[in-house]
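This briefing goes through a protein chain by topic, from surface and fold to individual side chains. Please keep the sequence and the 3D view open while reading.

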Amino acid sequence: MRRVLRSPGVALLLAGQTLSMFGDRALLLVLAIWAKTLTGSSAAAAMVIFVVVAPALFAPIGGLAVDRFRRRSVMIAVDLVVGAGVLGLLFVHGPAQLWIVYAAAGLYGAGDMVFGSAQSALLTVLLPPELLAEANGMFQTVREGLRIVAPLAGAALFAAIGGGSVAIVDAATFAVSAVCLALLRVREPVPARTEHHVVREAMAGVRHVLRTTMLRRIVLTTAAALLVVGFAETVIFAAVDQGLHRPPPFVGVVGFVQGVGAVAGGLTAAKAIRRWGDARVAAAGIGLFAAGDATLATGALAVVVAGIAVAGFGIAWLVVAFFTAIQVRTPSNLQGRAFSAADAMVGVPQTLSIALGAALSLVVDYRVLVAIMSTATMTAAVWLAVRGPSERPAAPAVVGVRVAGPPAQELVETARERAPRA
């Protein structure tokens, strides 16, 4: 990771994102707690997460925007728009304004979708392919490490002053992120259109994911797991309430524990990918999540704490492997659309599972949902582990893109398939 930080621009990007992710982690939990407090319903809290991930349905359009414009400019625009939008939460004073909570969650989800795609693409410009796993691990370590303090800080601030104060803090962190990005000096590839039909161009990322064998297996297996993983957004509130007999803000403590496990996962993910390959690390991550979340059914605090830490470790491995697989198997001019396509493929089933989990929680005991979730995700993990290769993927080609820089660097390479066809 020291090599990553020595690369020009990465330290500045990380600094801005660290503050921004702190605000994100604090606000996301507060939005769910806020909905639970206003309505008394775990399903209402879970619906906040549903609204956050729902924009994934339109991810291909966001990916097209990322590939059409400079990635840094897209990220700055997202920071400014979402940062201003979350200030609308200052007008929430009771159950009648619950819709504002959902509106802010939807805006946040849409912005995060576009920003994540642009950041993933920008990292491929800032770093050589062999350092991408380390960079993803570093960002994931920080992201999940902030889970240790940010949710607790957000929940405490919400309990002491109210949700509006958390919104102000988050808006400020968006502003800091935009300033850091504005100061970033990076020579990005010149955006180039390879299609003249908007729909076909937007769907190019989907075609790339489906045609690249191992990328397809990783993405679709993750999507299959997320068909039930969304249950956790409702289950966690029910487990805290009915199983552990704690108030809603105790979910922040659960986030703290998951962050501890995720820090360890983020620090070790890159080494694991170099040793076993991204597919098997993703499979191991799904399996660890399945095993860890199964403990939610026990109602025993010590067991749940240990299990959530294991689940956090698994999530970090899965996320780092997932991002790295996309980056190193995708040409430069498709980075945004490929990331967004993969995001949509996993986001749609997650969105559906959150809604289904919220509905089922009204008629089914949460322990049944835990059993379904753990069994299905473990099955997906085993399948990917068996089918996933151990070799590292090749570096991505640069297809149809003119690289900004000295004339000697202005090359256009012929497109070539890096992974074998199924």
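The protein chain exposes about 16,600 Å², and carbon and sulfur atoms supply 68% of that area; accessible areas come from the Shrake-Rupley method with a 1.4 Å probe, and for residues only the protein chains shown count as cover. This is a predicted model, in which local features need pLDDT of at least 70 and side-chain atom pairs count only at pLDDT 80 or more, while totals for chains, interfaces and linings use all residues. Residues are numbered from 1 along each chain as its sequence is written, and side-chain values use heavy atoms, with hydrogens and water left out.

**Overall fold**

- The protein chain has 18 helices and 0 strands; these are DSSP runs numbered from the N terminus, with helices being H or I of at least four residues and strands E of at least two.
- Of the 422 residues in the protein chain, 56% count as buried. Buried means under 20% relative accessible area, exposed means over 50%, and partly exposed is in between, with a 1.4 Å probe and protein chains only.
- Among contacts in the protein chain between residues at least 6 apart in sequence, 84% join residues at least 24 apart; a contact means heavy atoms within 4.5 Å.

**Helix packing**

- Two packed helices are described by the angle between their axes and the distance between the axes. Axes are lines fitted to C-alpha atoms, for helices over the stretch in contact, and angles run from 0 to 180 degrees between N-to-C directions.
- Helix 12 (residues 213-229) packs with helix 15 (residues 278-293) at an angle of about 10°, the axes being 10 Å apart. Helix 12 and helix 15 are therefore roughly parallel to each other; angles under 35 degrees count as roughly parallel, over 145 as roughly antiparallel, 65 to 115 as roughly perpendicular and the rest as oblique.
- On the helix 12 side the contacts involve Met214, Ile218, Thr221, Thr222, Ala225 and Val229, which meet Asp278, Ala279, Ala282, Ile286 and Phe289 in helix 15.
- Helix 11 (residues 204-211) and helix 17 (residues 335-360) have axes that come within 7 Å and cross at roughly 75°. That makes helix 11 roughly perpendicular to helix 17.
- Ala204, Gly205, Val206, His208, Val209 and Leu210 of helix 11 meet Arg337, Ala338, Ala341 and Met345 of helix 17.

**Salt bridges**

- A search of the whole structure finds 5 salt bridges, each defined as a side-chain nitrogen of Lys or Arg within 4 Å of a carboxyl oxygen of Asp or Glu.
- Arg329 and Asp278 meet through their side chains in a salt bridge (2.5 Å, N to O). This pair links distant parts of the chain, with Arg329 in the loop between helix 16 (301-328) and helix 17 and Asp278 in helix 15, 51 residues apart.
- Arg329 counts as buried at 9% relative accessibility, and Asp278 is buried with a relative accessible area of 1%.
- Asp67 and Arg71 form a salt bridge through their side chains (2.9 Å, N to O). Asp67 is buried, with a relative accessible area of 8%, and Arg71 counts as buried at 7% relative accessibility.
- Asp365 forms a salt bridge with Arg367, with the closest N and O atoms 3.1 Å apart. Here Asp365 counts as partly exposed at 32% relative accessibility, and Arg367 counts as partly exposed at 40%.
- Salt bridges that share partners join Asp67, Arg71 and Arg337 into one network.

**Buried helix positions**

- Leu31 lies in helix 2 (residues 10-39) and counts as buried at 0% relative accessibility.
- Leaving aside neighbours within four places in sequence, Leu31 is in contact with Val48, Leu89, Val101 and Ala105. The C-alpha atoms of Leu31 and Ala104 are separated by 8.7 Å, and these residues are 73 residues apart along the chain.
- Ser120 is in helix 6 and is buried, with a relative accessible area of 4%. Not counting residues up to four places away in sequence, Ser120 touches Gln327 and Phe339.

**Loop positions and surface**

- His245 is found in the loop between helix 13 (232-243) and helix 14 (251-276), and it is exposed, with a relative accessible area of 62%.
- Phi of His245 is near 55°, a positive value in a residue other than glycine. Most residues other than glycine have a negative phi.
- Leu87, Leu90, Phe91 and Ile168 make a nonpolar surface patch of about 370 Å². Patches are made of residues with over 30% relative accessible area and no salt bridge, with like charges joined within 9 Å and nonpolar side chains (Val, Leu, Ile, Met, Phe, Trp, Tyr) within 5 Å.
- Leu90 sits in the loop between helix 5 (71-85) and helix 6 (98-126) and counts as partly exposed at 38% relative accessibility.
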